[in-house]
Amino acid sequence: MAALLWLLALAFAAPASARTLKVVALGDSLTAGYGLPPGKAFPDQLEAALRAKGWDVAVVNAGVSGDTAEDGLARFDWAVPPDADALIVELGANDMLRGLPPERTKQTLAAILDRAKAAHLPTLVAGMRAAPNLGADYDRAFDAIYPALAAEYGAVLYPFYLDGVAGDAKLNQPDGLHPTAAGAAVIVGRILPSVETLLGQAKR
């Protein structure tokens, strides 16, 4: 009897094991890891960096090369599972490259954030910037999308996903558009504090 009571005491005294947080990275080729070897895409490197800092987290790669914001919205329900704890949205680069109207991209991204809000998912919005060849008016309208939506929905904003990488030939593949593994590592290092803020919201 004494041994049984001792075991029960240990069971109640032991802290419950923490649940692994699941973060879904919903994006395009920049998330998917176009041209990168296995394990070097942004979600893989982000998960490793977070775990190195003590976070019990799994980052799901829900990136599809070529996706526009509308493509991301179309697959939201199956790409973002019900047990997700947080969401990173990295979409819009292909809309910009195709010259789609910024208002259309904004409306679609807002619909994605509506889905996330309905699912009670803390969300990080990873911003993109327009290429200069599209003109000043387009640049202003497109670049304003991400801070406006983050403010409206109370999302964590990372202003420019390619910060520190865009325009650096050493950190980009020959196409000049997609980061190398080293480039993805730079992105991870810069976005990490924002993702930790996101995870803090997910743990509440």
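Leu 121 counts as buried because its relative accessibility is 8%, where buried means under 20% relative accessible area with a 1.4 Å probe and protein chains only. The structure is a predicted model, in which local features need pLDDT of at least 70, side-chain atom pairs count only at pLDDT 80 or more, and totals for chains, interfaces and linings use all residues. Residues are numbered from 1 along each chain as its sequence is written, and side-chain values use heavy atoms, with hydrogens and water left out.

Leu 121 sits in the loop between α7 (102-118) and β4; helices (H or I, at least four residues) and strands (E, at least two) are DSSP runs numbered from the N terminus. Apart from neighbours within four places in sequence, Leu 121 has contacts with Val 80, Ala 84, Asp 85, Ala 86, Leu 87 and Ala 116, a contact being heavy atoms within 4.5 Å. Its C-alpha atom is 9.7 Å from that of Pro 82, a residue 39 places away along the chain.

Strands β3 (residues 86-90) and β4 (residues 123-126) run parallel and are joined by three bridges. Val 125 in β4 is the bridge partner of Val 89. Two strands pair if DSSP finds at least two bridges between them. The open sheet has five strands in the order β2-β1-β3-β4-β5, paired in parallel. β2 (57-63) and β5 (156-158) each have a single partner strand, so one side of each lacks a neighbour in the sheet.

Values for the whole protein follow.

| Property | Value |
|---|---|
| Secondary structure | 10 helices and five strands |
| C-alpha span along principal axes | about 80 × 35 × 25 Å |
| Buried share of the 204 residues | 47% |

Methods: Buried means under 20% relative accessible area, exposed over 50%, partly exposed in between (1.4 Å probe, protein chains only).
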